[in-house]
Amino acid sequence: MLALTELGQRLRQERESKGLSLEDLQKLTKIQKRYLLGIEEGNYEVMPGKFYVRAFIKQYCEAIGLDTDAIFEEYKSDIPSTQTEDMPQQLSRVRSRKEIPQHTKGVSKAYDYLPTVLVVAGVVVVGIIIWVIAQNIVSDKNKEQANQEAPNSEVQQSNTQEETNETTAKNDNSKSEDEQNAADKKEKEKEKEKAAKEKAEKEKAEKEKKDSGKQEYKEVQKTGRSATYALSGTDAFNLEVTSTQADTWLDVKNGKGNAFFSSILKKGETKEFDLTKETEARVNIGYSPGVELKVNGKAVDLPFDSSKQVRQVVTIQYQPAEAQ
């Protein structure tokens with residue numbers, strides 16, 4: 001087994017401190033486990049190409065919440081510079097062809113058959129002319145017969161068209177009534193749904209307004225990457241955590257250390273926690289960019305700028321209104 005580089009040791013320690021296995025990191029970064037292991041061991045020879053090394057290290061750092069630029073600067077001696085790999089050139093070969101000699105003997109034979117060919121061609125042309133004349137005669141007879149039958153056909157067609165129009169009109173009237181009834185019914189259902197939705201939104205807005213007038217969420221202290229907040233003036237403690245940009249590690253525990261959730265929160269996923277019976281909750285976010293927090297349905301800001309502090313720990317101390 002290869003000896004770990006300083007960069008590899010740093011990355012492995014940071015990963016293990018977050019409770020992440022190489023399998024977990026593989027899910028977060030979509031990088032194969034053997035490449036992740038190669039980064040930790042400094043074995044860059046296992047990579048598919050030298051230009052992949054820097055890209056994989058960058059994704060590794062972002063997944064565990066490290067500042068990529070700082071890592072690249074601090075461990076630049078451990079990270080290979082980008083190199084351009086020469087592509088093999090393809091060589092083409094041109095095959096020469098020998099000239100094919102001309103045979104004058106076959107040409108002279110063709111002239112011997114020329115009279116016969118001309119006679120056959122003349123017969124074919126005469127046959128075509130006779131066939132065209134016959135087709136014209138038959139066509140004239142068919143037109144004459146069609147002109148004689150046209151009046152009766154037109155009368156029958158007119159009667160049939162009138163019957164068809166009457167039937168179509170009846171069907172259209174019946175269909176129009178059914179469609180109108182269905183449209184009226186659908187419109188009434190939409191109006192009921194709209195009224196019910198407006199009523200629910202109004203009740204929710206009134207409740208949130210009532211709660212927001214009492215609820216207080218204020219900062220108590222900040223140190224390093226951790227911050228403590230006090231939640232008061234409410235009888236509920238509901239927490240929502242949503243990741244909008246990328247997968248992130250999320251760990252939610254109460255004041256006694258009991259875990260409510262400790263796993264990967266996937267991009268676009270939301271987790272809700274009812275902590276009303278708890279007096280304290282600790283939220284450990286591995287990758288804070290794009291993470292949103294809501295307390296009792298109200299969005300609250302993360303304590304630190306996520307572009308500067310990727311990993312953040314938020315502790316919320318809760319005191320119910322009835323106990324105050």
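Reply: Let us begin with burial. Phe237 is buried, at a relative accessible area of 0%; buried means under 20% relative accessible area, exposed over 50%, and partly exposed in between (1.4 Å probe, protein chains only). Tyr318 also counts as buried, at 5% relative accessibility. This is a predicted model, in which local features need pLDDT of at least 70 and side-chain atom pairs count only at pLDDT 80 or more, while totals for chains, interfaces and linings use all residues. Residues are numbered from 1 along each chain as its sequence is written, and side-chain values use heavy atoms, with hydrogens and water left out.

Me: How many aromatic pairs are there by the rule for ring centres?

Reply: Rings of Phe, Tyr and Trp (its six-membered ring) pair if their centres lie within 6.5 Å; planes under 30 degrees apart count as stacked, over 60 as edge-to-face and the rest as tilted. By this rule the count is five aromatic pairs. One of them is the tilted pair of Tyr52 and Phe56, 5.6 Å centre to centre with 45 degrees between the planes.

Me: Where do Tyr52 and Phe56 lie?

Reply: Helices (H or I, at least four residues) and strands (E, at least two) are DSSP runs, numbered from the N terminus. Tyr52 and Phe56 are four residues apart in helix α4 (residues 50-64), and are therefore separated by about one helical turn. Tyr52 is partly exposed, with a relative accessible area of 34%, whereas Phe56 is buried at 10%. Tyr35, Tyr52 and Phe56 form one aromatic cluster.
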